[in-house]
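I opened this notebook to record what I looked up in the model, entry by entry.

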Amino acid sequence: MAQENIDPYLVQFAPDDQENPKNWTRRRRWYLTYFAGLLGFNATFASSAPSGIVTELTTRFNLSNEVAALTISLFVAGYCVGPLFWGPLSEQYGRRPIFLITFPIYACFQVGCALSKNTASIIIFRLLGGLFAAAPLTNSGALISDIWDAKTRGKALALFTLAPFVGPAFGPLVGGYIAQTGTPWPWLFWVLTIFATVCFVLIYFTLPETYAPIVLLHKAKQLRLKTGDSRYHAPLELIQQKQLHKRLEDSLSRPFKILICEPMLIAVTAYMSFVYGCVYLLFEAYPVVFTGGHNFRPGVLGLTYLPLIAGSILGVFGYLLIFHPQYEAAMDKHKAGLVSPEIRLNLAMSGAPLFAITFFWFGWTSYPSISYWAPMMAGTLMGLSSIWIFLALFNYIIDVYLIAAASALAANTVFRSAAGAIFPLFATQMYTALDPRWASTLLGCVACMMIPIPIVLKRYGPALRARSRFAPALV
């Protein structure tokens, strides 16, 4: 009887359909995974790069410390608005069109920064650049979920998750050496322009559509052309029968609807926002400790972020060697659909205490009388613990929300980016007024208060998912 209810003209993937992105060759999917990481790195690298030329910008435009911090904060603030459009719109029109539209515009705003003649222009171009740079942050993670099953997605996301930490850490290093070598400050933005242009060319020639509903939409159109039968249709076309303004209204409001209705997403977003904000806080806190306390020059100051990169890479290896095999074993033991998303939280439960320890380590070794190696190496633990928390919670969001993952990640990115924009604005004042010891202790205490979040979700997550409107039931 069930067969009688199947629509014979509804276009779906066959089990081994090579048009299904999850059935593409592993070589092709791993290329797209690395490329998604590169796109994320591009955006996050651009976010922090001006911190390396802040002295030149301050001199050229007569900026105060607070306005100079806006060159970072407003770029990250652009991430707050962009995901509201790019995530939901990619679920309506596909990943590829969004990348093709946003990247050339993003590159043009880097040109605007390089040619800026006054404070207002560089601030506005940074804000607009961040708005369009938000596309890879929102959609690259969704792209990875498009092409990998749950068993392999963790490995793929491990590489992608490096971008939000390695990118910002490289920014001050490159910007600092541009300043130290006496190269004119606009060359930093020309470098960003070239990087964005190269990425756009690679997008145009090598990035196919990966969102399954859009691929099925194209397949249905081809069938109608090939057969002349207009009855063939894709699942998405049933949704797209709504008027355009109604679809846009639904798409743009969806991230907020999910966030407001989902306690799981609220808790995860709060934690990831704090972690992300602390990463960007370092770009204002490190100069207080290493320039003010240890007299580092801009280029050398950029080197202090290398332990953060090293810790992030160690975190990925730790995940791949320790935690991912545990998930694979659970997948082998159960049917894929029956593996609880809460198993992903083990990684965050390990990373959360380490993240809190980082601040006490950094703060109480930041005396000028103590070797600079001591606070600098705290960055290694921050990189490792941050990666573990992000990897766990990224995977958790995708596993819980699946087809609505882009909207859930968009909501997460908005508030996470707001923290990344706000934290640098008060970092210098906080580290100066409280001194680095007590400022770091305050952050460490907040981090301690966040430790129970993955533990509580581990315990009550299944009950919350059972009541969720957006989390599909395990089958």
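Entry 1, terms and source. I take contact to mean heavy atoms within 4.5 Å. Helices are DSSP runs of H or I with at least four residues, strands are runs of E with at least two, and both are numbered from the N terminus. The model is predicted, so I note that local features need pLDDT of at least 70, that side-chain atom pairs count only at pLDDT 80 or more, and that totals for chains, interfaces and linings use all residues. Residues are numbered from 1 along each chain as its sequence is written, and side-chain values use heavy atoms, with hydrogens and water left out.

Helix α5 spans residues 119-147 and helix α6 residues 150-160; they pack at an angle of about 155°, with axes 9 Å apart. That makes α5 roughly antiparallel to α6. Axes are lines fitted to C-alpha atoms, for helices over the stretch in contact, and angles run from 0 to 180 degrees between N-to-C directions. Angles under 35 degrees count as roughly parallel, over 145 as roughly antiparallel, 65 to 115 as roughly perpendicular and the rest as oblique. I recorded the crossing of α5 and α6 as right-handed. A crossing is right-handed if the near helix is turned clockwise from the far one by less than a right angle, and left-handed if anticlockwise.

Helix α4 (residues 95-114) packs with helix α8 (residues 186-206) at an angle of about 165°, and the axes are 8 Å apart. α4 is therefore roughly antiparallel to α8. Their crossing is left-handed. Among the residues making the contact are F99, F103 and Y106 of α4, and F189, W190 and F200 of α8. By class, this contact has 18 nonpolar, 3 polar and 1 charged residues.

I found an angle of about 155° between α15 and α16, with their axes 8 Å apart. α15 is thus roughly antiparallel to α16. The crossing is left-handed. The residues of this contact divide into 23 nonpolar, 5 polar and no charged.

On a 1 Å grid over the protein atoms alone, a pocket is an open set of points with protein on both sides within 12 Å along at least five of seven lines; a cavity is a set where a 1.4 Å probe fits but cannot get out, and lining residues have an atom within 4 Å of a point. Grid points are joined across faces, edges and corners, and a volume is the space filled by probe spheres set on the points. The largest pocket holds about 500 Å³ of space. Its lining comprises 24 residues, with S51, V54, F283, E284 and P287 nearest the centre. α2, α3, α7, α12 and α13 each supply at least two of the lining residues. The lining has 13 nonpolar, 10 polar and 1 charged residues.

How many cavities of 30 Å³ or more does the rule give? The count comes to 2. The largest cavity has a volume of about 100 Å³. Its lining includes Y319, H324, R344 and N395. α14, α15 and α16 each supply at least two lining residues, and the largest share, 5 residues, comes from α14. By class this lining has 7 nonpolar, 4 polar and 1 charged residues.

The second largest cavity contains about 50 Å³ of space. I listed L282, Y286, T358, F359, F362, A378, G379, M382 and Y431 as its lining. Here α12, α15 and α16 each supply at least two residues. This lining has 7 nonpolar, 2 polar and no charged residues.

F13 lies in the segment before α1. Not counting residues up to four places away in sequence, F13 touches E19, N20, P21, A212, V215, L216 and K219.

Methods:
Nonpolar A, V, L, I, M, F, W, Y, C, P; charged D, E, K, R; others polar.
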